[in-house]
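The sequence and the structure come first.

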Amino acid sequence: MAITKKADLEVTHGLLVHHTNAIREQLLKANTNWDEVIGSLRRIESECANSIELAKKVKGVN
């Protein structure tokens, strides 16, 4: 089961990188879409919370 959880963490890491890159692209534009930046930040917040819970499971902590 731990292997699956570690794979889940890798997927989550990929999502965090994707959302971070989306924010970077918006901030580099002259006409930054702040709604998209805020949406990406909220998705990052959610993915971070999921990552913490997954990491606890991988480590064996509740």
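Of the 62 residues in the chain, 21% are buried; buried means under 20% relative accessible area, exposed over 50%, and partly exposed in between (1.4 Å probe, protein chains only). The model is predicted, and local features need pLDDT of at least 70, side-chain atom pairs count only at pLDDT 80 or more, while totals for chains, interfaces and linings use all residues. Residues are numbered from 1 along each chain as its sequence is written, and side-chain values use heavy atoms, with hydrogens and water left out.

**Overall form**

The chain has two helices and zero strands, taken as DSSP runs numbered from the N terminus (helices: H or I, at least four residues; strands: E, at least two). Its radius of gyration is 14 Å, well over the 11 Å that the globule rule gives for 62 residues, so the chain is more spread out than a compact globule. That radius is taken over C-alpha atoms, and the rule is 2.2 Å times the number of residues to the power 0.38. The C-alpha trace spans about 45 × 15 × 10 Å along its principal axes.

Among contacts with a separation of 6 or more, 59% join residues 24 or more positions apart; a contact means heavy atoms within 4.5 Å.

**Charges**

There are 9 positive and 8 negative side chains, and the centres of the two sets lie 7 Å apart. Lys and Arg count as positive, Asp and Glu as negative, with His and the chain ends not counted. Side chains of opposite charge can pair when their charged atoms come close. The count is one salt bridge, defined as a side-chain nitrogen of Lys or Arg within 4 Å of a carboxyl oxygen of Asp or Glu. The partners are Glu53 and Lys56, at 3.7 Å from N to O. Both lie in helix α2 (residues 34-59), three residues apart, about one turn of the helix.

**Selected residues**

| Residue | Relative accessible area | Class |
|---|---|---|
| Glu53 | 41% | partly exposed |
| Lys56 | 32% | partly exposed |
| Ser40 | 4% | buried |
| Asp8 | 33% | partly exposed |

Ser40 is also in helix α2. Leaving aside residues up to four places away in sequence, Ser40 touches His19, Ala22 and Ile23. Asp8 belongs to helix α1 (residues 2-28). Asp8 and Glu47 are separated by 39 residues in sequence and by 11 Å in space, C-alpha to C-alpha.

Key
Charge placed at Lys NZ, Arg CZ, Asp CG, Glu CD.
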